[in-house]
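This report describes selected parts of one protein model.

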Amino acid sequence: MNRTLSLLTAGLGLAIAFAFPAFAQTADAEADAPSAESTGIPGQTLTAQMLYTFLLAEIAGARGEIGISVQAYLDLAQRTRDPRIARRAVEIALFARDLSAATEAARIWIDVEPESAEARRVMAGILSGGSGQLEQVQIQLARLLAESPDQIENHLMGLNRAFARIDDKQAVKSIIDRLTEPYLDLPEAQFARAQAAIAADDAIASLAAIDLALGLRPDWELAILFKAQLLAQSDSPDAALQLIKEHIDRHPESQNARVAYARGLVSARRFDAARDEFRKLLDNAPNDRDLMYAVGLLSAQLDDFDAAAPLLEQALNAGHPEADGIRLNLGQIAERRDDSEGALRWYRTVEPGRHHTDAQIRIAALLAQQGKLQQAREHLQSVHAGPDTIKRLRLAEAQLLRAEGREAEALELIDGELRKAPEDPDLLYESSMLAEQLGQLDVMEGRLRKLISLQPDHAHAYNALGYSLADRGLRLDEAEALIARALELTPGDPFILDSMGWVNFRQGDTATALAHLEKAYSLRPDPEIAAHLGEVLWSLNRQADATRIWNEALQAHPDSAVLKNIIRRFGER
């Protein structure tokens, strides 16, 4: 026998032994081997046809001919009625997304191994992916729950996973409510109901169910953290944090609760407190790269760059999976420290992937700040990427030109992209803003109205058009209606509140204008908002307050031309 054939035969022998252990028994070992009755595995006689089918399935799968592999394995499962082969057939069929074959193989698996909870869970998951089969899923899962009393808690906790692929979450909630009806004295049943309810956007029912679960098991950490999440989503972050804090007081050793508490503080934008909590966790696990990353990011958020940079570098050196995100953050920290060269070094280490485009845009911005605008543009143009990324790069290039006062070139650049994609919302919006700066008001209005027709919920398009009209004292009632629509779409947006205050001021309603502008400034102390607020205050003979607002904003934004212009204008009066 030649060497190649010997190796192939040896490999096939191993494959056969793996797939058909019963076939690998020698005659001498048969007396000592467990019987088919004792193992639950059907006795088999290896025929040439079975061997051929098995080899066909494996070789076809290895060659990527997955359809042939599925049919071969399904045929083998039907012939052998072996649960191991049926399970393998299910795996291959699911990989091929052949739900019909997967269902048939799973039926064989359940028929020959009816006590297998895994087989029934797999079947329920397969059925849940098809339409019109919810009743079959319910039957399978009801039988699984009834026939597995020793595993009932685990099965109840896994109910929602079986329906993960079903889009109709209200139907899923109804089914889970019915399935759990006999087990409502178990906290896991109430937990399953809570999960199904929140997936169906029924926060009240979810909260009621999780409270019942906690009534049955008062100190159940999983339920406590779930309830805290519900409270946070229901605009009760303080109650959520208090719930977790009380649990931590009872169980100071619980790392999961401490992490949840720290994350809750981040969500509540209590960054100082969140950093303190993550630091405590890091003290207990000084080599945890995720904790290094968390404390580093929070320190950067708090402008504590001396603490942030070394922690982020430690996380990077420890092999954190967000390596490029860390490099991007380190570049931003270097920028904030006015270390342009250090920032460039970090940005240039960001590899192709999720953060690569952001890094290239920052490189170009730094080059432009160094007076190297042409080099910055060439850098952006040299990046090889798909259409969406190319669009981002062109928009960034236009921003660089705009910052240099070269709006006409920027508009020409964006118009070139618009000719390729005339209905692109980002390009329409950017080009309309450039057209406004160039005094091309008809172009601006036409493009914003086109954008609104394409995306009726584009709040910033309504706001931009309304503000542009208000700033010029044109069609003020129409401007107010446009801005009101924008505010309806994104309530609380400080820039839209600023626009509303400005149109109110133009209409002569200074009291309403002041209320909107004060709220906008409290949310976002932006220099343009400060300019508007100060002007309204000045008109109310509150010159000292106006001057204080302008100076405060100018101290935070010393390069703001808007603030310098308004201070100069009113200072001359």
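## Residues and helices of a predicted model

Ala189 is found in helix α12, which covers residues 187-199. The relative accessible area of Ala189 is 0%, and a residue counts as buried under 20%, so Ala189 is buried. Leaving aside residues up to four places away in sequence, Ala189 touches Leu156, Thr180, Tyr183 and Leu184. Ala189 can also be compared with His155: the two are 34 residues apart in sequence, and their C-alpha atoms are 9.5 Å apart in space.

The protein as a whole gives the setting. It has 34 helices and zero strands. Of its 573 residues, 45% count as buried. Among contacts between residues at least 6 apart in sequence, 46% join residues at least 24 apart.

The next subject is helix α22. Helix α22 is mostly covered, since eleven of its 14 residues are buried. The buried residues are His356, Thr357, Ala359, Gln360, Ile361, Ile363, Ala364, Ala365, Leu366, Leu367 and Ala368. They pack against four helices: α20 (323-336), α21 (340-348), α23 (373-382) and α24 (387-403). After α22 comes Gly371, which has a positive phi near 85°.

Gln360 lies in α22, which runs over residues 356-369. With a relative accessibility of 6%, Gln360 counts as buried, because the cut-off for a buried residue is under 20%. Apart from residues up to four places away in sequence, Gln360 touches Tyr347, Val350, His379, Leu380 and Val383.

| Helix pair | Angle | Distance between axes |
|---|---|---|
| α27 (441-454) and α28 (459-471) | about 150° | 9 Å |
| α28 and α29 (476-489) | about 155° | 8 Å |

How are α28 and α29 directed relative to each other? Their angle of about 155° makes α28 roughly antiparallel to α29, as angles over 145 degrees are counted in that class. The crossing of α28 with α29 is left-handed. On the α28 side, the residues that meet α29 are Ala459, Tyr462, Asn463, Leu465, Gly466, Tyr467, Leu469 and Ala470; on the α29 side they are Leu476, Glu478, Ala479, Leu482, Ile483, Arg485, Ala486 and Leu489. By class, the contact of α28 with α29 contains twelve nonpolar, two polar and two charged residues.

For the other pair, the angle between α27 and α28 is about 150°, and the two helices are therefore roughly antiparallel to each other. Their crossing is left-handed. Helix α27 contributes Met444, Glu445, Leu448, Arg449, Leu451 and Ile452 to the contact, while α28 contributes Ala461, Tyr462, Ala464, Leu465 and Ser468. The contact of α27 with α28 comprises eight nonpolar residues, one polar residue and two charged residues.

Key
Residues numbered from 1 in each chain as written. Predicted model: local features only at pLDDT ≥ 70, side-chain atom pairs only at ≥ 80, totals over all residues. Heavy atoms only, no water. Buried < 20%, exposed > 50% of the residue type's maximum accessible area, 1.4 Å probe, protein only. Contact = heavy atoms within 4.5 Å. Axes fitted to C-alpha atoms, helices over the stretch in contact; angles between N-to-C directions. Parallel < 35°, antiparallel > 145°, perpendicular 65-115°, else oblique. Left-handed = near helix turned anticlockwise from the far one by under 90°. Nonpolar A, V, L, I, M, F, W, Y, C, P; charged D, E, K, R; others polar.
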